[in-house]
Amino acid sequence: MGLTFDLIHTTEAGGRRARLHLPHQTVETPVFMPVGTAGTVKAVPQETLESLGAQIILGNTYHLYLRPGHEAIRRMGGLHRFISWPRGLLTDSGGFQVFSLSELRKVTDEGVRFRSHLDGSSHFFTPEHSMDVQIALGADIAMAFDECTEYPAERSRAEESLRLTMAWARRSLDHFRAHQHEVPWLNDGGGIHPGSPSARDPGHPIERGIGAQSLFGIVQGGMYRDLRKQSAERLIEMDFDGYAIGGLSVGEPRDLTLEMIAEVLPMLPKDKPRYVMGVGYPDEIEQYARMGVDMMDCVLPTRAARHGLLFTSEGRLTIKNKRFAEDQGPPDPACDCMVCRRYTRAYLRHLMQAGEALSATLNTIHNLAYYLGIMRRVRASLQAPTAA
RNA sequence: GCACAGGUGGCCGAGCGGUUAAUGGCAGCAGACUGUAAAUCUGCCGCUCCUUGGAGCUACGGAGGUUCGAAUCCUCCCCUGUGCA
């Protein structure tokens with residue numbers, strides 16, 4: 001058992017304030033996890049993520065397998081050490097790429113054949129292979145290999161997709177249990193790197209996690225309530241360390257997303273973390289957290305930032321708009337992040353116009369600060385005695 | 001001064017008798033973005049009107065000319081680059 005999950009408080013609405021103990025980080029939940037697909041939360045250095053209070057970030061199995069290669073990362077002591085990230089790490093299984101790379105893949109019961117988006121080379125991913133890669137990467141949490149069902153999907157299609165995901169969940173779990181002892185940080189993956197935090201602090205957890213890697217199962221079932229139920233029940237039987245709700249925010253209307261989350265949450269065990277994958281807008285993550293979602297991740301704050309969309313207390317702000325050309329105000333007057341404290345809208349607009357790399361960095365830092373700030377406030381309010 | 005090569009919409013640059021308000025790219029303006037093939041993608045981008053659709057006007061250095069029709073052919077002029085004097 002890799003993780004312990006301590007519930008601190010639960011509200012009537014189902015919202016939970018809890019503490020998730022992972023090998024490299026004790027995560028205060030509900031938590032938002034910035035996405036760092038290729039071993040980097042794009043445009044933001046690790047030390048900045050730390051100062052923003054990011055507790056856990058994502059990596060992607062498929063991308064890291066292709067480049068630089070999971071065996072290379074294993075030899076370098078695992079993903080934590082490779083990217084110099086001492087805190088929590090979760091790897092997605094590559095299941096989302098079954099969805100997003102739909103034109104570059106072929107799915108069979110056995111697994112998925114991908115054509116690399118980098119060089120066109122062919123690669124076969126099975127649940128077992130995804131587990132091998134994720135164990136080599138050694139994130140605190142690995143995800144079962146699933147098929148993210150597209151939207152819209154006919155019932156027969158959603159059933160077939162779910163059948164596949166459930167079979168793959170079983171195979172993922174069996175293979176994971178048989179090999180999880182191979183994580184690099186349990187095997188002392190090759191000495192202490194001079195630049196690593198442990199060079200100064202031998203007891204630093206980046207070198208050696210405390211406890212074991214965990215595996216989460218993923219509920220699918222399209223937008224069909226009974227399929228979702230069936231999915232949840234079967235995963236619970238298998239006994240994963242935590243449960244994710246996948247296949248949402250794939251183009252369906254927002255109220256459907258909400259409905260699916262509301263339906264599935266009560267089906268999941270109360271004593272284990274619940275993770276909704278790939279959401280959402282600022283108001284969505286707050287709403288879901290208050291309903292009892294413990295973990296969420298989304299590329300939106302980072303991607304939108306690079307494209308010039310800032311999330312602020314005043315709403316969405318398209319920083320590249322001409323109207324900000326000489327705006328001397330901070331991006332968000334109510335924000336005290338390092339960007340809002342120092343830079344003007346006019347400057348951020350200029351960086352965007354000029355295509356300067358700093359634009360992506362500053363925009364992303366603000367958006368992440370905004371997202372992480374929302375979760376911090378939500379945690380505080382969930383912890384407080386139930387309001388009168 | 002002579003010889004070549006050129007002057008196209010904010011810029012670069014196609015076009016070389018009609019299907020051309022004129023291919024592309026850049027810049028500009030706006031929009032999208034939800035387990036990242038994303039510093040990406042989409043739309044608009046001469047001016048003026050009307051509702052989509054369209055109508056009118058102005059445009060390929062300048063002035064003439066040839067032609068039913070010219071950015072495209074001819075003449076002269078102006079300008080730029082290169083080479084030779």
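Predicted model: local features only at pLDDT ≥ 70, side-chain atom pairs only at ≥ 80, totals over all residues.
The expected span of a helix is 1.5 Å times one less than its number of residues. Helix H7 runs over residues 155-179, 25 residues in total. From its first C-alpha to its last, H7 reaches 35 Å, close to the 36 Å expected.

Next, burial. Among the buried residues of H7 are Ala158, Ser161, Leu162, Thr165, Trp168, Ala169, Ser172 and Phe176. An α-helix has 3.6 residues a turn, so residues three or four places apart point the same way. The cover over the buried residues of H7 includes helices H6 (127-137) and H8 (225-238), together with strands S10 (141-143) and S11 (214-219).

Let me take H6 from that list. Its axis and that of H7 come within 8 Å and cross at roughly 40 degrees, which means that H6 is oblique to H7. The crossing is right-handed. On the H6 side, Pro127, Glu128, Ser130, Met131, Asp132 and Ile135 take part, and they meet Trp168, Arg171, Ser172, His175, Phe176 and His179 of H7. By class, this contact has five nonpolar, four polar and three charged residues.

The contact of H10 with H14 comprises eight nonpolar residues, two charged ones and no polar ones.

How values were computed: Residues numbered from 1 in each chain as written. Chains lettered and ligands numbered in written order. Nonpolar A, V, L, I, M, F, W, Y, C, P; charged D, E, K, R; others polar. Helix = DSSP H or I, 4+ residues; strand = E, 2+ residues; numbered from the N terminus. Buried ≥ 20, exposed ≤ 12 C-beta atoms within 10 Å, placed from the backbone. Contact = placed C-beta atoms within 7 Å. Axes fitted to C-alpha atoms, helices over the stretch in contact; angles between N-to-C directions. Parallel < 35°, antiparallel > 145°, perpendicular 65-115°, else oblique. Left-handed = near helix turned anticlockwise from the far one by under 90°.
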